[in-house]
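Here is a short report on the fold and packing of one protein chain. Read it alongside the sequence and the model.

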Amino acid sequence: MSSSAQESASRLPAQTSPKKKTVAPAIRYPFWFGGSASSLAACVTHPLDLVKVRLQTRQGNAPQNMSGTFVHILKNDGLIGLYSGISASLLRQLTYSTVRFGVYEELKTRYTRTGRTAGFPALTAMAMTSGFLGGVAGNFADVLNVRMQHDAALPPAQRRNYKNALDGMVRMARDEGLVSSYFRGWLPNASRAAVMTAGQLATYDTFKRLLLEYTPLGDTMTTHFTASFLAGLAAATATSPIDVIKTRVMSSSKKQGIVQVIGDISRTEGMRWMFKGWVPSFLRLGPHTICTFLFLEAHRKLYRAAKGIDDGKE
């Protein structure tokens with residue numbers, strides 16, 4: 001075969017293979033972007049998170065559905081009652097989400113710098129690792145968050161009446177001991193955070209990449225919304241059983257092991273407990289996931305503009 005024929009043959013696969021969209025090299029964004037975006041999202045979705053906690057920890061003749069719980073809170077505590085525990089919720093996002101997003105992005109950046117493309121299994125492993133670390137780092141704030149949201153649903157004599165997150169931190173350490181209170185339920189919480197982060201971050205990146213590569217959609221808000229909606233659906237389903245256990249352990253006034261909690265609720269409620277509060281959980285987690293990634297992409301867009309980087313790059 002002549003040299004010209006060989007050159008033509010070597011070019012043939014490039015001419016006949018399907019044309020794919022190019023993927024821009026990764027940009028190292030500030031570590032705190034995830035915590036900032038998640039905090040903004042929490043301000044939007046906190047009432048839904050409150051209703052979810054109330055349903056998972058309901059007692060006696062408390063409302064059994066989402067709409068009834070909303071009406072009950074508004075009737076007894078007013079509009080401000082829907083934002084009960086917001087300071088703890090923000091503290092949780094500033095610790096938990098800052099760590100999990102920051103570690104995940106760092107791991108992803110280091111992985112791609114080796115010249116390899118991170119597939120779904122690799123993204124899942126990175127997300128679970130960063131989520132577990134974030135869950136441990138933000139556990140004390142999560143305990144506060146659950147307690148402050150659940151407090152108004154308790155009889156007056158059993159309420160803790162934390163004034164705010166800082167007051168709750170001080171009283172928890174003083175009355176219950178720093179380690180035992182701050183790390184109460186840390187294992188189910190960190191496990192939930194690992195599954196949650198895989199369900200959110202790994203699936204978001206995967207759905208976003210698939211949409212960019214195999215659909216006419218570009219790197220626009222439509223793509224971000226679609227990918228984040230699917231990520232929220234996956235995360236809510238995967239974390240529902242762990243979320244119920246975590247809430248029961250953290251809100252309890254007595255020490256209970258995870259196995260004991262599972263045994264108790266399985267005997268009294270059957271296997272339905274695994275998805276108890278799934279609808280309000282998804283209705284809270286779906287919008288929260290969507291808001292988080294829309295805010296995160298807005299952070300990234302502003303950062304690229306400030307640094308003079310061509311918009312649309314990852």
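Among contacts (heavy atoms within 4.5 Å) between residues at least 6 apart in sequence, 78% join residues at least 24 apart in the protein chain. The model is predicted: local features need pLDDT of at least 70, side-chain atom pairs count only at pLDDT 80 or more, and totals for chains, interfaces and linings use all residues. Residues are numbered from 1 along each chain as its sequence is written, and side-chain values use heavy atoms, with hydrogens and water left out.

The protein chain has twelve helices and zero strands. Helices are DSSP runs of H or I, at least four residues long, and strands are E runs of at least two; both are numbered from the N terminus.

Of the 314 residues, 46% are buried (under 20% relative accessible area, 1.4 Å probe, protein chains only). The accessible surface (Shrake-Rupley method, 1.4 Å probe) is about 15500 Å², and carbon and sulfur atoms hold 64% of it.

A nonpolar core is a set of buried Ala, Val, Leu, Ile, Met, Phe, Trp, Tyr and Cys residues joined through side-chain atoms within 4.5 Å. The largest one has 20 residues; Tyr104, Leu123, Met126, Phe293 and Leu296 have the most contacts inside it.

Another core, of ten residues, lies apart from it; Val143, Met148, Ala165 and Met172 are among them.

How values were computed. Buried < 20%, exposed > 50% of the residue type's maximum accessible area, 1.4 Å probe, protein only.
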